[in-house]
Structures are given as C-alpha cells and as structure tokens.
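The following exercises concern a single protein chain.

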Amino acid sequence: MHHSEAMTGANAGKASGMATMEATAMSISEFCVRDVVCTTRTATIAKAAALMRHHHVGDVLVVDEAGDRRVPVGIVTDRDIVIEVVAAGVDPRLLKVGDLLQRPIVTVTEDKSYGDTIRLMTVNGVRRMPVVDRTGNLVGIISVDDMLRQLAVPLAALAELPDR
C-alpha cells in the first residue's frame with residue numbers, strides 16, 4: 001500500500017523531533033513510506049481505481065515485477081483517471097494502467113539526503129517520488145505532503161524561539 005497522502009500518519013510520528021531536525025544529514029530511506037500500493041502496467045484502470053479506494057490513497061505506483069523485485073515504471077493518480085479516462089468517456093474496464101503512463105518516472109536512491117530529494121523533485125516538477133535501492137528495486141515512496149508533515153513540528157518549534 002502506499003502513499004503519502006493516506007499513509008503518512010504513522011510516518012509523520014516516526015519522523016518528528018530531533019530526527020527530523022537532522023533530516024538533511026539522514027538518508028531519504030529514513031523518511032519514506034515503505035508500504036506502497038502498487039499495480040502493474042497490464043492492470044485495468046478500474047482495478048487501479050479500486051486499489052486507491054480500498055487503501056484510501058490518491059495514486060498507485062506502477063511497477064514491473066520479476067520474482068521478488070518491484071521496479072517502478074510510473075505513477076497513476078486519481079487526477080489522471082478523472083481527466084484522461086472519466087472526462088474523456090473511456091471505459092476504465094478496457095483501458096490499461098500502462099496506457100496512462102506519459103513520461104518516464106523519476107526516482108531517488110535511498111542513500112540520497114532530504115535536500116537532494118527536494119532538489120530532484122523540484123527540478124523534475126514532481127510531488128511524489130519512488131525511493132529505490134542501487135539496483136532500481138522499490139524501497140518506498142516520498143511525497144511533498146510527507147515532507148511537509150515531517151518538518152512541521154520542528155519548524156513550528158523553531159518559530160517559537162524568542163528573537164535575540
């Protein structure tokens with residue numbers, strides 16, 4: 001299961017206090033959501049939407065599976081489904097997830113820092129990014145919303161410091 005929007009509650013608690021203050025020195029693997037909702041390119045859009053509904057998430061990660069390996073190849077969001085399928089009048093039972101993948105996915109390796117990840121997301125204009133190991137195998141996912149929740153507490157504490 002995945003995602004940021006829905007699954008971050010547990011992660012946000014994990015990454016609070018001093019650990020989050022040190023986020024720039026720690027690897028992104030310390031902060032990513034590891035329980036990712038995934039599907040394959042051959043699944044129907046209807047199946048992807050059912051997964052989103054069941055897991056209360058706004059997207060599914062599309063992966064190529066080989067044995068116990070899951071290599072991210074794309075992300076399909078609820079917005080993609082609404083705009084590209086529902087609004088276009090296409091039957092979601094006939095269209096495959098792979099048909100919606102429009103551009104190559106951008107990933108971040110698990111050893112990168114918080115700052116590296118933010119830069120990579122900004123440069124590529126993405127709000128969520130799969131975290132992979134050196135071989136490209138899925139480790140987790142990180143989103144802007146995850147990062148904001150994780151940094152909110154230490155930033156609020158910092159803001160409460162008296163001026164000197």
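**Exercise 1. Salt bridges**

Is Asp91 buried, partly exposed or exposed?

Solution. The model is a predicted one, in which local features need pLDDT of at least 70 and side-chain atom pairs count only at pLDDT 80 or more, while totals for chains, interfaces and linings use all residues. Residues are numbered from 1 along each chain as its sequence is written, and side-chain values use heavy atoms, with hydrogens and water left out.

Step 1. The classes are defined by relative accessible area: buried is under 20%, exposed is over 50%, and partly exposed lies in between (1.4 Å probe, protein chains only). Asp91 has a relative accessible area of 25% and is therefore partly exposed.

Step 2. Asp91 forms a salt bridge with Arg93, and their closest N and O atoms are 2.9 Å apart. The term denotes a side-chain nitrogen of Lys or Arg within 4 Å of a carboxyl oxygen of Asp or Glu. Arg93 counts as exposed, because its relative accessibility is 60%.

Step 3. By this rule the structure has five salt bridges. In general, side chains of opposite charge can pair when their charged atoms come close.

Solution. Step 1. The partner of Arg119 is Asp116, with the closest N and O atoms 2.7 Å apart.

Step 1. Helices (H or I, at least four residues) and strands (E, at least two) are DSSP runs, numbered from the N terminus. Arg119 and Asp116 are three residues apart in helix α5 (residues 114-124), so about one helical turn separates them. Asp116 has a relative accessibility of 30% and is therefore partly exposed.

**Exercise 2. A buried ion pair and its strand**

Locate the salt bridge of Arg128 and describe the strand that contains this residue.

Solution. Step 1. Arg128 forms a salt bridge with Asp59, the closest N and O atoms being 2.9 Å apart. This pair links distant parts of the chain, since Arg128 belongs to strand β5 (residues 128-132) and Asp59 to strand β2 (residues 59-66), 69 residues apart. Both Arg128 and Asp59 are buried.

Step 1. In β5, five of five residues are buried. One side of β5 carries Arg128, Pro130 and Val132, the other Met129 and Val131, and both faces are covered.

Step 2. β5 belongs to an open sheet of three strands in the order β4-β5-β6, with mixed pairing; two strands pair if DSSP finds at least two bridges between them. β4 (108-109) and β6 (138-143) are the edge strands, each with a single partner, so one side of each has no neighbour in the sheet.

Step 3. β4 and β5 run parallel and are joined by two bridges; here Val108 stands opposite Val131. β5 and β6 pair in the antiparallel sense over five bridges, and the bridge partner of Arg128 in β6 is Ser143. Ser143 is buried, at 2% relative accessibility. A polar atom of the Ser143 side chain lies 3.0 Å from the backbone nitrogen of Asp146.

Step 4. β5 and β6 form a hairpin with five residues between them, and Gly136 in the turn has a positive phi of about 90°.

**Exercise 3. Nonpolar cores**

Which residues of the largest nonpolar core touch the most other members?

Solution. Step 1. A nonpolar core is a set of buried Ala, Val, Leu, Ile, Met, Phe, Trp, Tyr and Cys residues joined through side-chain atoms within 4.5 Å. The largest has 16 residues, of which Ile45, Val60, Val76, Ile81, Val97 and Leu100 touch the most other members.

Step 1. At least two residues of this core come from each of α3, β2, β3 (69-77) and α4 (78-86). The largest share, four residues, is supplied by α3.

Step 2. Apart from this core lies another, of twelve residues, including Ile28, Val108, Met121 and Ile142.

**Exercise 4. Backbone and cysteines**

Solution. Step 1. Most residues other than glycine have a negative phi. His56 has a positive phi of about 55° although it is not a glycine. His56 lies in the loop between α3 (45-55) and β2 and is exposed, at a relative accessible area of 64%.

Step 1. A disulfide is counted when a pair of cysteine sulfur atoms lies within 2.5 Å; the structure holds zero. Cys32 is buried at 1% relative accessibility, and Cys38 is buried at 18%.

Notes
A polar contact is a pair of N or O atoms within 3.5 Å; within protein, one must be able to donate a hydrogen and the other to accept it, and residues adjacent in sequence count only if both atoms are side-chain atoms.
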